[in-house]
Every structure is written in C-alpha cells, then in structure tokens.
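Biologist: Please take me through one part of this model, step by step. Then set that part in its wider surroundings.

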Amino acid sequence: MATTTKQSDAHQAQATARELTRENSPDSPVVQELRRQVANTFVLYANYKHYHWQTFGPHFRDLHKLFDDFAEEVLETIDPLAERVRMIGQTPPAHPLEAADLASVTPAAPHSTMREMLEEADRNALIVIHDMRQGARHADEHDDPGTVDMFSKFVQIHEKHEWWVRDMLQKGDGL
C-alpha cells in the first residue's frame, strides 16, 4: 500500500511539473507580464536615480531624498520579480537594452522643470500600476497564486509613489 501511495505521489508530482512547464512557456501571459515588470523595474530605478541627481530648486532636499527612497523601494522588487520568472522556468531580462525594449515605461527624458520630472514619474507609475493589475488578473486566470501575491504586494509600492507625486503636482507648491 505504501509503495502504491509513493508511486501515486511521484506520478502526481511529475504531472504537476509538466503542467507548470507547459503553462509557463515564454509566450505565456504570466511570463510576459513578469518579464515586463522586471524591465520596468530596471527603467524606473534608473529614472528615479536620474531625478534624484537632477533635482534642483526650492524643494531640492525633499525631492532629492524622495526620489532616492523611491529608487531603493523599486530596486528591492527586482530580485523577487526576476527570481519568480526563473522559478516558473523562464529567463528574466538581464541586459539594460533588453529591459528597455520590454519595458512599458519610458526612460527619463531631459527636463527643464521639476514639474516635468514629477509628471513623467506620475505617468510611469500609472503605467506600472495598470500593468501589475493586469498581470495579477492573468496570473489568477492561470492559477498562479504566487505571482498574484507578488503583484498584489508590489503594486502597492507604485500606488504609494503615484499618490505622493500626484499630491505634489496637485498642490503645486512652487513647482
């Protein structure tokens, strides 16, 4: 009886492994969403550091620190996202050019005002929020609770960033 149970368990494990491999092919929506978020994280990190280095004006100290905090928070998500891609059997983008091609956010542009930097940061945050919500829906449709959980946690970081930037833009405060 014990041998039959072990054989059944082994058979079930092999079937589950085959299912995961089949479901997580490179063209799977879940894999594509995860890879896009790894790419977005590369670009957002670089953007936030750019804004951090280019901050000027009467709000220098606060915005300089804010963008550095945003960069650190985003950077903390890149490894879990990339590892999730590997965990489900695919390869995350690792080269900056590949990340730039896959990302749905845009690299930082030259800016003449702090308001322009904040507006760009807000647009990119909204794109990531939309993409992560879509990614969570795709992961849920494909019975991938691990990816749903990851997107659910990480989208909150971007929602917070967008809220803070949106609030600064609405108040103006000398921007």
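**A close look at helix 2**

Modeller: Helix 2 covers residues 29–54, which is 26 residues. From first C-alpha to last, helix 2 reaches 36 Å, close to the 38 Å expected at 1.5 Å a residue. That expected span is 1.5 Å times one less than the number of residues. Helices here are DSSP runs of H or I with at least four residues, strands are runs of E with at least two, and both are numbered from the N terminus.

A word on the source: this is a predicted model, where local features need pLDDT of at least 70, side-chain atom pairs count only at pLDDT 80 or more, and totals for chains, interfaces and linings use all residues. Residues are numbered from 1 along each chain as its sequence is written, and side-chain values use heavy atoms, with hydrogens and water left out.

Start at the N-terminal end. S28 caps helix 2 there. A side-chain oxygen of S28 lies 3.2 Å from the backbone nitrogen of V30. A polar contact is a pair of N or O atoms within 3.5 Å; within protein, one must be able to donate a hydrogen and the other to accept it, and residues adjacent in sequence count only if both atoms are side-chain atoms.

Move along to A39, also in helix 2. A39 has 0% relative accessibility, so A39 counts as buried. Buried means under 20% relative accessible area, exposed means over 50%, and partly exposed lies in between, using a 1.4 Å probe and protein chains only. A39 and P92 are 53 residues apart in sequence. In space, their C-alpha atoms are 8.4 Å apart.

Next comes H52, another residue of helix 2. H52 has a relative accessible area of 9%, so H52 is buried. A polar atom of the H52 side chain lies 2.7 Å from the backbone oxygen of H64.

Now the wider setting. The chain has six helices and zero strands. Its pattern along the sequence is α-α-α-α-α-α. Of its 175 residues, 39% count as buried.

Elsewhere in the chain, D143 sits in the loop between helix 5 and helix 6. The phi of D143 is near 55°, a positive value in a residue other than glycine. D143 has a relative accessible area of 66%, so D143 is exposed.
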